[in-house]
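Please have the sequence and the 3D view open while reading.

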Amino acid sequence: MAKQLQSIRGIHDGLPGEVANWQFIERQFEQVFRQYAFAEVRLPVLEPTELFVRSIGEETDIVSKEMYAFEDQGGDHLCLRPEGTAGAVRAYLQAGLTRSGGQRWYYKGPMFRRERPQKGRLRQFQQIGAEWFGASGPAEDIDMLAMAWQLIQSIQLQHVHMEINSLGCPDCRPAYRDTLQAYLTDKQQHLCETCHQRMHSNPMRVLDCKVQSCQQQLTDAPEMVAHLCEPCTSHFDTLKTGLAALAIPFVVNARIVRGLDYYNRTAFEIITDQLGAQGTVLAGGRYDGLVSELGGPATPAIGFAAGLERLGLLLEASAVSVSSAGVDVAVAALGDATLSYSLQVAQQLRQHGLTVLHCGGGNAKRQFKVADRESARFVAVLGEDEMQAQSLTLKNLASGEQITCDITEAIQHIK
RNA sequence: GUGGUCGUAGUUCAAUGGUAGAGCCCCGGCUUGUGAUGCCGGUUGUUGGGGGUUCGAAUCCCCUCGACCACCCCA
């Protein structure tokens, strides 16, 4: 293995084996999105850096240290998008859709964060996400979470569960924040180093600290769900009732917090225990303030995103069979004189919708080996005899049966 | 960004500081018209890269790149 060019750290190639899984996921997801009346949008990978600074929050890790940001030749500050929501909001506003009623969008594509790579955590990774602009009530939350759950169901994933929480709103969160901060101050000397920082920067973060000793101190910590204002309580209760009505299994996890600043009220995650520390497979929540934050009219909205690579890994772990398009017929041409005839036969078979691989001529043994390696269902043997008779010899590789017939008959046999 | 494990043929893995090997894959032949299943033969490596210690380094040391694991954070 001499010195050779390789892809950038944390940026991996999608090779056929893995892409087959992704395509399966995309097909299943697209069907679910359609059933929920969501339409696809295709948004830029490159956005003004300012967009994420204003939406995600300057203090977040994503913006402060994980963005691929640079100045282009014209002096503009650009970056590779680290997530999809901000760009979607920008597009929604730029297209002037604020008075066009609810917009239900989904998207898929690469996102970029400069983190230390691990399995299921890449620097370029793909997300499939959905955003619903103009979604005001808990009914939309229920639909959104139900759709998220249905997406996961559509690819038959095992060992996943949904957790929900409410993050409150600008009316009730500040008071809760104060309560929590006071509580934490009492416990301060028992908390870890990072939690000391978090107490001030984002006290709710302390709640999901993974340090054992911190968690032991926090067993009776005040929780947001117990300090919601009346409208938030009502919203959250209706959400739970709706999920129950749809028989969607969920647990309330009062420790769910959001890394991005723009979330309020409903926050949820679909989690697996199969991917080590990278167990979040789909996550999202309500962001009623973001549209106005970016200069639009007050527009309630909710969204989520799922990590395609993580779903693909889970698909393998769950041994879900991804039907891949195999070769129907491998064409074996025997003798140089039969080349043109074999090409014509292959073309005709393809015109009838079959997947055909021409084995390239040469000796029969080699061509059969190719057919076998490609898991072809049939081999069409085309020698001089067949060419003279305008026929072909068709062998079923699984049974070993072999017949000689004309093309029309062969096609019926294959289908 | 912090800490740790690892890196040998296309691939999976061997090799106490002393000649770099095996299985699988691939290619060819036995069988110039028949695979999955037989037999025979064959190709492949600057041991991730660079430097050092040593008579001698895949093996020990340093640096670097990458994968993975935990933290951090998150999809």
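Is E47 buried or exposed? E47 is buried, with a relative accessible area of 4%. Here buried means under 20% relative accessible area, exposed means over 50%, and partly exposed lies in between, with a 1.4 Å probe and protein chains only.

The model is predicted: local features need pLDDT of at least 70, side-chain atom pairs count only at pLDDT 80 or more, and totals for chains, interfaces and linings use all residues. Residues are numbered from 1 along each chain as its sequence is written, chains are lettered from A and ligands numbered from 1 in the order in which they are written, and side-chain values use heavy atoms, with hydrogens and water left out.

**Salt bridges**

The whole structure holds 13 salt bridges. A salt bridge is a side-chain nitrogen of Lys or Arg within 4 Å of a carboxyl oxygen of Asp or Glu. Three of them are listed here.

| Pair | Closest N and O atoms |
|---|---|
| E47 and R90 | 2.5 Å |
| D328 and R377 | 3.0 Å |
| R42 and E40 | 3.1 Å |

Helices (H or I, at least four residues) and strands (E, at least two) are DSSP runs, numbered from the N terminus.

D328 forms a salt bridge with R377. D328 lies in the loop between helix 12 and strand 12, and R377 in the loop between helix 14 and strand 14, so this pair ties together parts that are 49 residues apart in sequence. D328 is buried at 14% relative accessible area, while R377 is partly exposed at 37%.

Salt bridges that share partners also join E26, E30 and K108 into one network.

**Helix 4**

Helix 4 covers residues 85-94, and seven of its ten residues are buried. Among them are T85, V89 and Y92. The elements that cover these buried residues include strand 2, helix 2, strand 5, strand 6 and helix 11. Just after helix 4, G96 takes a positive phi of about 65°.

**A positive patch**

K365, R366, K369 and R373 form a positive surface patch. Patches are made of residues with over 30% relative accessible area and no salt bridge, with like charges joined within 9 Å. K365 is found in helix 14, residues 364-373, and is exposed at 59% relative accessible area.

Methods
Patches are made of residues with over 30% relative accessible area and no salt bridge: like charges are joined within 9 Å, nonpolar side chains (Val, Leu, Ile, Met, Phe, Trp, Tyr) within 5 Å. Accessible areas come from the Shrake-Rupley method with a 1.4 Å probe; for residues, only the protein chains shown count as cover. Lys and Arg count as positive and Asp and Glu as negative; His and the chain ends are not counted. The place of a charge is taken as NZ of Lys, CZ of Arg, CG of Asp or CD of Glu. Contact means heavy atoms within 4.5 Å.
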